[in-house]
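Biologist: Hello! Could you walk me through this model, one question at a time?

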Amino acid sequence: MRAALRQAERALALGEVPVGAVVVLDGVIVGAGCNQPISAHDPSAHAEIMALRDAAARIGNYRLPGATLYVTLEPCAMCAGAILHARVARVVYGARDPKTGAAGSVVDLFAEPRLNHHAEVIGGVLAADCGGLLSAFFAARRARRRTSDVTDQRS
C-alpha cells in the first residue's frame with residue numbers, strides 16, 4: 001500500500017485527485033498508476049485502470065490471474081469491472097468511498113453472485129494515510145474556491 005500511496009502523491013503533483021494503485025504478482029510490482037483523467041483528457045484514466053494497463057503491457061497479457069491490486073481508494077464501478085475482467089485475484093484498498101465505492105460502500109460488484117469472476121477484497125489498509133491525503137486535497141480545493149469567490153466579489 002505504501003507504493004500505491006507514492007503513486008497517489010504523484011497524482012497530487014499532477015493536480016489530480018490523489019489516488020494511486022499498484023499491481024503485484026508473485027511479490028513483485030508489475031504495474032503502477034495514478035489518477036490522470038484531467039491531464040490525460042480521459043475519463044477512464046483512474047489509478048486502477050492505469051495500473052492494470054501497465055501490468056498487462058509488462059507481462060503481455062490482459063488477464064492477471066493471481067495478481068493483487070493495491071489502491072488507496074475503494075474502486076468505483078468502472079474500475080471494479082476492469083479488475084474483474086482482468087481476473088485479478090485480490091483487491092486491497094485504503095480509504096472507503098461512500099459516494100462511488102463499488103466494493104461495499106455503495107454497491108459490492110466483487111460479491112455479485114451473477115458475475116463469473118470474483119476477487120477477494122480487503123479494505124481499510126492504511127486507511128488514515130490514504131484518507132488523509134484525499135481529505136487534505138479536497139480541503140485545499142475548497143479553500144481555493146472560497147478565496148476565488150471572495151476575489152470575484154471584490155471585483
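Modeller: Gladly, and a definition comes before anything else: buried means under 20% relative accessible area, exposed over 50%, and partly exposed in between, with a 1.4 Å probe and protein chains only. This is a predicted model, where local features need pLDDT of at least 70, side-chain atom pairs count only at pLDDT 80 or more, and totals for chains, interfaces and linings use all residues. Residues are numbered from 1 along each chain as its sequence is written, and side-chain values use heavy atoms, with hydrogens and water left out.

Biologist: Thanks! Is Asp-54 buried, partly exposed or exposed?

Modeller: Asp-54 sits in helix 2 together with Arg-58, 4 residues apart, about one turn of the helix; helices (H or I, at least four residues) and strands (E, at least two) are DSSP runs numbered from the N terminus. Arg-58 has 58% relative accessibility and therefore counts as exposed. Asp-54 has 22%, so its class is partly exposed.

Biologist: What is the N to O distance in the salt bridge of Arg-58 and Asp-54?

Modeller: Side chains of opposite charge can pair when their charged atoms come close. The rule for a salt bridge is a side-chain nitrogen of Lys or Arg within 4 Å of a carboxyl oxygen of Asp or Glu. Arg-58 and Asp-54 meet that rule, with an N to O distance of 3.3 Å.

Biologist: How many salt bridges does that rule give?

Modeller: One of them joins Arg-114 and Glu-112, whose closest N and O atoms are 2.6 Å apart. Arg-114 is exposed, at a relative accessible area of 72%. By the rule, the number of salt bridges is 4.

Biologist: Which residue forms a salt bridge with Asp-42?

Modeller: Asp-42 is partly exposed, with a relative accessible area of 22%. Its partner is 3.7 Å away, counting the closest N and O atoms. The pair links distant parts of the chain, 11 residues apart: Asp-42 lies in the loop between strand 2 (28-34) and helix 2 (47-59), and the partner lies in helix 2.

Biologist: Which side chain makes a polar contact with the side chain of Ser-44?

Modeller: Ser-44 is in the loop between strand 2 and helix 2. Not counting residues up to four places away in sequence, Ser-44 touches Ile-49, Arg-53 and Met-78, where contact means heavy atoms within 4.5 Å. A polar contact is a pair of N or O atoms within 3.5 Å; within protein, one must be able to donate a hydrogen and the other to accept it, and residues adjacent in sequence count only if both atoms are side-chain atoms. At 2.6 Å, the side chain making that polar contact with Ser-44 belongs to Asp-42.

Biologist: At roughly what angle do the axes of helix 2 and helix 3 cross?

Modeller: In helix 2, Glu-48, Ile-49 and Leu-52 meet Met-78, Cys-79, Ala-82 and Ile-83 of helix 3. Axes here are lines fitted to C-alpha atoms, for helices over the stretch in contact, and angles run from 0 to 180 degrees between N-to-C directions. The axes of helix 2 and helix 3 (residues 77-85) come within 9 Å, and their crossing angle is roughly 20°.

Biologist: Why is helix 2 described as it is relative to helix 3?

Modeller: Angles under 35 degrees count as roughly parallel, over 145 as roughly antiparallel, 65 to 115 as roughly perpendicular and the rest as oblique. The axes cross at roughly 20°. That makes helix 2, relative to helix 3, roughly parallel.

Biologist: What is the phi of His-41?

Modeller: Most residues other than glycine have a negative phi, and most peptide bonds are trans. His-41 lies in the loop between strand 2 and helix 2 and counts as exposed at 73% relative accessibility. Although His-41 is not a glycine, its phi is positive, about 50°.
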